[in-house]
Amino acid sequence: MGVPRSSGCMLCVQRRVKCDERLPGCVKCETYGRPCPGYDRGFKFVAGKPYRSRRHLGPKSGQQRVEDKTHVAGINSGRANQAIQQSLIQRGTSWSLKSTDLNMMQSLDTLIVDVSQPFPASSTYTTSRWFTYLPAIYGRNRTLDSSIRCFVAHHIGMMTGNQQAIMYSRSTYVEALNRLQRSLCNPTESLSSEILCAVLLQCLYELFANAHDSNSWIKHAKGLSQLVSARGCGRYQTVFDHTLLKASRGLIVMQSLFTKEKCFLASDDWYSVMRQQFDSALPADLHAQVEELFALYTTIPCFIHQFFDIRQADPEDLDIQLKAFDLLTDALSMQNKLMVWYDRFSRTAPPPTEALSSMGDVLFPTVYSFSDVDTATIFTAYYSYMVIIHAILGVCHFPGEHAAMVVYFRDQICKSVEFNAQGILGPSRLGFPLLVVNEFADPATKVWVQGWLQRLSTNYKVMLPRNYER
């Protein structure tokens with residue numbers, strides 16, 4: 001990061017034209033048809049190769065080159081990461097990017113620590129794990145680099161309350177989008193691991209940063225889904241590619257849900273790819289059970305689409321009755337599969353224990369505590385699916401106390417929220433479960449959900465309460 005040399009406005013600098021520097025805005029921008037961004041740019045990021053210093057030419061008068069002494073080093077210890085983070089936080093209110101020598105590698109280290117807290121970054125089924133690869137791949141591809149800089153700058157800006165960093169992330173996001181468009185037109189580059197990683201980062205940026213367009217992330221998730229599919233099953237045979245696939249698949253399922261499309265991951269070929277285990281972070285039997293649940297989860301968009309179609313249709317319509325019968329048959333089959341799965345999983349993974357709410361929750365004073373975030377996420381996914389299944393059985397008039405079971409599993413989700421909400425990625429684990437709770441909430445629970453959405457949307461904008469209104 002350095003101090004910009006030109007005194008012209010940012011747009012003129014980007015266009016490489018001489019700025020007339022008129023106040024309050026320059027004539028060149030007015031002629032160009034764009035609003036002048038002004039002259040107080042404050043800073044710029046210098047994208048260099050990781051772990052290398054950069055050399056700058058001295059004046060032409062023959063002065064020697066001066067080596068940039070900015071320290072670029074990997075910060076490996078937790079204590080060092082905490083020192084960086086504390087330094088940033090302490091400077092949060094007065095941090096001037098004009099005088100800060102924060103470099104991208106340090107920022108990445110800080111990001112990795114933050115997204116993994118309070119859980120280990122090596123965790124297999126949390127989104128945080130793929131972030132640990134970013135320092136090693138930074139510098140490989142310009143599209144990926146700009147996507148990384150965009151996401152990192154947004155994170156640092158939000159963490160420190162620095163609006164200049166947030167503004168920089170927005171301008172870099174435009175650069176990342178433009179570079180991505182060009183990369184996708186390159187037949188070789190478009191299918192690379194680096195571009196898949198860039199698309200995933202840009203989708204996450206929309207989820208975290210876009211408070212104005214609640215559908216923008218869906219468009220990015222659709223592009224992510226198309227790219228994962230276009231690459232084919234055979235391209236996920238390395239640890240990095242496989243980790244990217246697992247980090248992407250939740251977004252792919254949710255995109256199918258909101259666009260009313262069938263999820264392409266619901267196929268034997270993709271099940272086979274996702275079942276592969278490249279490391280021993282989880283015991284083999286637990287890994288197999290987790291993958292079994294996710295295979296079942298890829299069908300949830302179809303169940304939900306049919307549920308709403310049946311619920312909103314005329315029950316006297318013969319075609320609707322036939323569709324309801326088919327849906328009931330599928331739902332009963334899925335209920336049996338889920339119950340068999342849960343019986344095995346609850347004997348493999350530690351079940352949740354009850355504890356008093358650390359937040360003094362009035363509606364749910366007793367909440368669940370889990371052994372780790374992996375099992376918490378998986379149990380909550382099971383509760384969510386069971387709400388949907390019992391709602392379907394109820395709307396299809398199958399005998400049983402399905403309304404009571406919907407409430408039971410809904411409350412199981414609610415009691416799991418406090419644990420799952422921990423950390424920067426907590427909201428991403430709760431997007432769908434809270435959507436399910438909100439759909440089947442009584443008035444008191446709906447107010448409770450709104451409170452959680454307000455809290456979680458502080459850093460994860462897609463969870464703004466208005467986005468959950470039907």
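## Terms and basis of the model

A residue is called buried when its relative accessible area is under 20%, exposed when the value is over 50%, and partly exposed in between, with a 1.4 Å probe and protein chains only. By this definition Lys 260, at 65% relative accessibility, counts as exposed.

The structure is a predicted model, in which local features need pLDDT of at least 70 and side-chain atom pairs count only at pLDDT 80 or more, while totals for chains, interfaces and linings use all residues. Residues are numbered from 1 along each chain as its sequence is written, and side-chain values use heavy atoms, with hydrogens and water left out.

## The chain as a whole

The chain contains 18 helices and four strands; these elements are DSSP runs numbered from the N terminus, helices being H or I with at least four residues and strands being E with at least two. Of its 470 residues, 50% count as buried. The accessible surface of the chain is about 22,800 Å², and carbon and sulfur atoms account for 53% of that surface. Such areas come from the Shrake-Rupley method with a 1.4 Å probe, and for residues only the protein chains shown count as cover.

A contact is a pairing of heavy atoms within 4.5 Å. Among contacts between residues at least 6 apart in sequence, 69% join residues at least 24 apart.

## The packing of H13 and H14

Two packed helices are described by the angle between their axes and the distance between the axes. Helix H13 covers residues 300–312 and helix H14 covers residues 318–348; their axes come within 10 Å and cross at roughly 140°. The axes are lines fitted to C-alpha atoms, for helices over the stretch in contact, and the angles run from 0 to 180 degrees between N-to-C directions. The crossing of H13 and H14 is left-handed, a term used if the near helix is turned anticlockwise from the far one by less than a right angle, whereas clockwise gives a right-handed crossing.

On the H13 side, the contact involves Phe 303, Gln 306, Phe 307 and Ile 310; on the H14 side, these meet Ile 320, Lys 323, Ala 324, Leu 327, Asp 330, Ala 331 and Met 334. The residues of this contact comprise eight nonpolar, one polar and two charged. In this grouping Ala, Val, Leu, Ile, Met, Phe, Trp, Tyr, Cys and Pro are nonpolar, Asp, Glu, Lys and Arg are charged, and the others, Gly among them, are polar.

## Cysteines

A disulfide is a covalent bond between the sulfur atoms of two cysteines. Here the criterion is a pair of cysteine sulfur atoms within 2.5 Å, and a search of the whole structure finds zero disulfides.

Cys 19 lies in the loop between helix H1 (10–15) and helix H2 (27–32). With a relative accessible area of 9%, Cys 19 is buried. The C-alpha atoms of Cys 19 and Cys 29 are 8.6 Å apart in space, and the two residues are 10 apart in sequence. Cys 396 also counts as buried, at 14% relative accessibility.

## Loop residues with positive phi

Lys 260 is located in the loop between helix H10 (239–259) and helix H11 (268–275). Its phi is near 60°, a positive value in a residue other than glycine.

His 397 occupies the loop between helix H15 (373–395) and helix H16 (402–420). Although His 397 is not a glycine, it has a positive phi of about 60°. At 68% relative accessibility, His 397 counts as exposed.

Met 167 belongs to helix H7 (residues 163–184) and is partly exposed, at 48% relative accessibility. Met 167 and Cys 150 are 17 residues apart in sequence, and their C-alpha atoms are 9.8 Å apart in space.

Gln 226 is part of helix H9 (residues 216–231) and counts as partly exposed, at 49% relative accessibility. A distance of 9.4 Å separates the C-alpha atoms of Gln 226 and Phe 264, which are 38 residues apart along the chain.
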